[in-house]
Amino acid sequence: MNIRIRKPWEIVPASEATPESVFFNRRELLKAAVASGAIFAAGPFALADDKDGPYPAKRNEKYKLDRALTDEKTATETSNFWEFTKKKPAVKYVSKKFKPEPWKVEVSGLCNKPATFDLDDLRKFDHEERLYRHRCVEAWSMAVPWIGFPMAKLLEKVDPKAEAKYVRFESLARPEEMPGIKENSDYTFPYFEALTIEEAKNELALFVTGIYGKKLPNVHGAPIRAVVPWKYGYKGPKIIVKIELVKEKPETFWHKAFPEEYGFFSNVNPEVPHPRWSQAEETMLGTKTKRETLLYNGYGELVADLYKDVKLTKPGD
Ligand SMILES: Nc1nc2c(c(=O)[nH]1)N[C@H]1C(S)=C(S)[C@@H](COP(=O)(O)O)O[C@H]1N2
Ligand SMILES: [Mo]
């Protein structure tokens, strides 16, 4: 039996101006095929994805792109992941041996129902696929199909107290499997980041456990990372093990290292240059042409209100 079912992004034209109807859920399709007897010979193996988590997931068509998706291989060939190595093309190889399972995420601090989630718990959240742009502060960008769930859903479960003003994230630091921790010993690991609680509750902010129809590979932050697409990429920590609700604004990894270069908000802003380079343009991975960077990475309609009382002038603001 040799049935190859195309994945959603193989069917969807690169323009992504796609109608709802093109979505193709592989699991539903397999179930239907099995029920009809069309692939009975494939037996139980055809449904192997079921026990492996919510992949692929149904695409939420609300989030449209203005550009072609980056292809799967290209997206793994440039990565910032300093726990492994600061050489972007090497992350893929150096992170290979890392074991992202089992896993636990501890949620604590100013909330009424602190909780620890294992991977099964995390994968039980209602997952969906979203096509998002990603803009690294270094002026490269990509567009990828993340699979995840809104941060707001997890926050709801732990019931934040009124005094909780910020959400702080902490990544794993396991030096035995992460040579970058020793190589980059001028930096403070574990990696740590934070958002205001309103930012974390914004519909765009996701916890992501999958990409390209499958669970996350190590290079993209397996098994769970944050994705905050209107901010520079470093505001989306990978390998999250801790989430804390706190009252005071937390320090963050890159701000601590270079306070003049990386502000707390770090919203994508083409008009505020990095002290060492312009942020007006970016290059999509796998392409050679520059394109204009968009304010809030093009997500202003959904996020500009968060900043109506904030002055954003300093680099990284
Ligand atoms: N734990 C951790 N998270 C991290 C980083 C890192 O070095 N360590 N790099 C950040 C930066 S700068 C970017 S651009 C994105 C890259 O994500 P990607 O590898 O999926 O492209 O991860 C972010 N999250
Ligand atoms: Mo980045």
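This is a predicted model: local features need pLDDT of at least 70, side-chain atom pairs count only at pLDDT 80 or more; totals for chains, interfaces and linings use all residues.
Local features need pLDDT of at least 70 and side-chain atom pairs count only at pLDDT 80 or more, while totals for chains, interfaces and linings use all residues. Residues are numbered from 1 along each chain as its sequence is written, chains are lettered from A and ligands numbered from 1 in the order in which they are written, and side-chain values use heavy atoms, with hydrogens and water left out.

User: How many residues of strand E5 are buried?

Analyst: Strand E5 covers residues 166-171; helices (H or I, at least four residues) and strands (E, at least two) are DSSP runs, numbered from the N terminus. Buried means under 20% relative accessible area, exposed over 50%, and partly exposed in between (1.4 Å probe, protein chains only). Tyr166, Arg168 and Glu170 point one way and Val167, Phe169 and Ser171 the other way.

User: Which residue in E10 is the bridge partner of valine 167?

Analyst: Two strands pair if DSSP finds at least two bridges between them. E5 is joined to E6 (residues 192-196) by 5 bridges and to E10 (residues 240-246) by 6 bridges, antiparallel in the E6 pairing and antiparallel in the E10 pairing. Valine 167 has as its partner in E10 leucine 245.

User: How many residues are in the largest nonpolar core?

Analyst: A nonpolar core is a set of buried Ala, Val, Leu, Ile, Met, Phe, Trp, Tyr and Cys residues joined through side-chain atoms within 4.5 Å. Among the members that touch the most others are Leu154, Trp230 and Ile243. The number of residues in this core is 76.

User: What is the relative accessible area of valine 303?

Analyst: Valine 303 is found in helix H10 (residues 300-303). Contact means heavy atoms within 4.5 Å, and valine 303 touches Asn202, Leu204, Trp230 and Tyr296, not counting residues up to four places away in sequence. Valine 303 counts as buried because its relative accessible area is 0%.

User: Where does isoleucine 239, with phi near 40 degrees, lie?

Analyst: Most residues other than glycine have a negative phi. Isoleucine 239 has a positive value, and this residue is buried, at 1% relative accessibility. Its location is the loop between E9 and E10.

User: Which residue does a cis peptide bond join to phenylalanine 189?

Analyst: Most peptide bonds are trans. Here omega is about 0 degrees, and the residue joined to phenylalanine 189 is proline 190.
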